[in-house]
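Biologist: I would like to learn how to read a model of this kind. Please take the features one at a time.

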2 protein chains.
Amino acid sequence: MKFAIYIPDNLEGPAPVLYHLSGMSCSEQTFIQKTGYQRWASHYGIIVVSPDVCPRVTYGVEKNEIEAKGLSFYVNAVKKPWNKNYQMYSYVNEELPSIIQENFNINKDRQSIMGHSMGGHGALISALKNPGKYRSVSAFAPVCNPSKSPDIQIIFKCYFGDDEKAIEEWDATCLVTKYKGPELNILIHQGNDDQYKEQLKLQNFASACEKAGIAVSINVEDRFDHGFYFISSFIEQHFHHHSKFLCDS
Amino acid sequence: MKFAIYIPDNLEGPAPVLYHLSGMSCSEQTFIQKTGYQRWASHYGIIVVSPDVCPRVTYGVEKNEIEAKGLSFYVNAVKKPWNKNYQMYSYVNEELPSIIQENFNINKDRQSIMGHSMGGHGALISALKNPGKYRSVSAFAPVCNPSKSPDIQIIFKCYFGDDEKAIEEWDATCLVTKYKGPELNILIHQGNDDQYKEQLKLQNFASACEKAGIAVSINVEDRFDHGFYFISSFIEQHFHHHSKFLCDS
């Protein structure tokens, strides 16, 4: 597995770390090349880690390959053949942080997580399933309620079969209703012209948060779509958000 | 031919325009996706036009294809078969500006030009061969003296044969010695770890400028190479530079 890491100059001692999870069809290179986040990571003194989006493995199962190739959704798959390598949730929340802690001078008590699209879903479920592990979470155009998105359900059925209960354990909108833990400090941006808006189900997540009494800052921006110009236009706000919880003022 | 154009919001009346010429292996997409320049174009109210780097044409001449495919160097080729389509100098300085003037609300008396690597060479020769046409010119890691760069000479020989006099007419370091016209307002950045430093010949250009009494701001930056992180780190300075000549204060 490849990952990218950005380490600002002139850090003094162990630094906070922000994990970024990319969306489908990306690699560990996409976020670091297209968003200009380094300016803000440098400004706030935050180390940023961007893993690849999936195990680069195919299994020769033609139907599944078409449906799920590269679309890890940052879950731990249960069904064969995907369960062998598609364990991205464990990779992102356990294996990768261990590698980062062992090899870089980070403050393991100060970590946050963010993501885009499928990676926004990954960031939300990582925060929701690990109360207190991440000081803040943010997402650009996240997939919010995959169990209610027919196109995404096709992928989840590759990983979990027809077990609806299992699928709900990986669905941010379902998870938020039973969250118990410290403040999540969630920031979300979505473009009002997002071409995948119908599949993202942001409103379902917003309603579930309200019902559960969980604070979330949701910002829908006119004239922006699902792409990287959207991210680069609001990346400063996301780093500002995380800096409030990661950095000493 | 494709080009990208960025038009800031909230322009009042005809706006200044800055042309950006990319380096080899790029397309009209590269600069707009990887540098984050939009933030500064928006800040200063400058329209930015980024053409593709070459005619996407091959001629079935195997040897030449390997040597020159895609490497327009923004010159007008003389030798067959390249002379048919490889007329990028005329395209950038005449045809494209006409298209821009006819279709967008630009102030044709306020234009500047910049580029990267091969495109830095294109920007410099465009300014040097058209006194007064561009209010300012800037370059990241430009090819400065192609007639003294053996690897680049191979390409130029495809376009001009062995006519050394002709080649000098497309060489920024040769052109600067006989430049007559208004101030060029040149800004150049190069990374001190640029992997192509030996081919760029920045020192030859600096010496020629000094000899000819032409002012040039040259900045060699430690710990930067030839790539897009270098550009995105200093793009703000380049837009600030051009804004001094393109925009009302």
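**One arginine, then its surroundings**

Modeller: Start with A:Arg223, which sits in the loop between strand 7 (216–221) and helix 11 of chain A. Helices (H or I, at least four residues) and strands (E, at least two) are DSSP runs, numbered from the N terminus. The model is predicted: local features need pLDDT of at least 70, side-chain atom pairs count only at pLDDT 80 or more, and totals for chains, interfaces and linings use all residues. Residues are numbered from 1 along each chain as its sequence is written, chains are lettered from A and ligands numbered from 1 in the order in which they are written, and side-chain values use heavy atoms, with hydrogens and water left out.

Biologist: Is A:Arg223 buried or exposed?

Modeller: The terms rest on relative accessible area: buried means under 20%, exposed over 50%, and partly exposed in between (1.4 Å probe, protein chains only). A:Arg223 has a relative accessible area of 62%, so this residue is exposed. Its phi is near 65°, a positive value in a residue other than glycine.

Biologist: Which residues does A:Arg223 touch, not counting residues up to four places away in sequence?

Modeller: Contact means heavy atoms within 4.5 Å. By that rule A:Arg223 touches A:Asp193 and B:Asp9. A:Asp193 is 30 residues apart from A:Arg223 along the chain, with 5.9 Å between their C-alpha atoms. With B:Asp9 there is a salt bridge, in which the closest N and O atoms are 3.3 Å apart. A salt bridge is a side-chain nitrogen of Lys or Arg within 4 Å of a carboxyl oxygen of Asp or Glu.

Biologist: How many salt bridges and polar contacts are there between chain A and chain B?

Modeller: The count is 4 salt bridges. A polar contact is a pair of N or O atoms within 3.5 Å; within protein, one must be able to donate a hydrogen and the other to accept it, and residues adjacent in sequence count only if both atoms are side-chain atoms. Between the two chains, 10 residue pairs are in polar contact, both residues at pLDDT 80 or more. On the side of chain A that touches chain B, the elements giving two or more residues are helix 1 (30–34), helix 2 (38–44) and helix 11 (228–246).

Biologist: How is the size of an interface given?

Modeller: It is often given as the accessible area lost when the parts come together. Here buried area is the accessible area (1.4 Å probe) that two parts lose on being put together, summed over both. For chain A and chain B that area is about 960 Å², and carbon and sulfur atoms give 29% of it. In chain A, the residues that lose the most area to chain B are A:Gln33, A:Arg39 and A:Tyr229, together 51% of what that side buries. The contact takes 11 residues from each of chain A and chain B.

Biologist: What should I look for away from the interface?

Modeller: Look for nonpolar cores. In soluble globular proteins, nonpolar side chains tend to be buried together. A nonpolar core is a set of buried Ala, Val, Leu, Ile, Met, Phe, Trp, Tyr and Cys residues joined through side-chain atoms within 4.5 Å. The largest one has 77 residues, and B:Phe73, B:Tyr159, B:Phe205, B:Ile235 and B:Phe239 touch the most other members. Helix 11 (residues 228–246) of chain B gives the largest share of this core, 7 residues. A second, separate core has 75 residues, including A:Leu124 and A:Val176.

Biologist: Which residues does B:Phe239 contact, leaving aside its neighbours within four places in sequence?

Modeller: Among them are B:Leu18, B:Tyr37, B:Trp40 and B:Met114. B:His241 is also found in helix 11 of chain B. That histidine counts as buried because its relative accessibility is 8%.

Biologist: Where does A:Ser147 lie, and which side chain does its own side chain meet in a polar contact?

Modeller: A:Ser147 is in the loop between strand 5 (137–140) and helix 6 (150–160) of chain A. Its side chain makes a polar contact of 2.8 Å with the side chain of A:Asp171. A:Ser147 is buried, with a relative accessible area of 17%.

Biologist: Which residues does a cis peptide bond join in chain A?

Modeller: A:Lys80 and A:Pro81, with omega about -5°. A:Pro81 lies in the loop between helix 3 (62–68) and helix 4 (88–103) of chain A. In chain B, a cis peptide bond joins B:Lys80 and B:Pro81, with omega about -5°.
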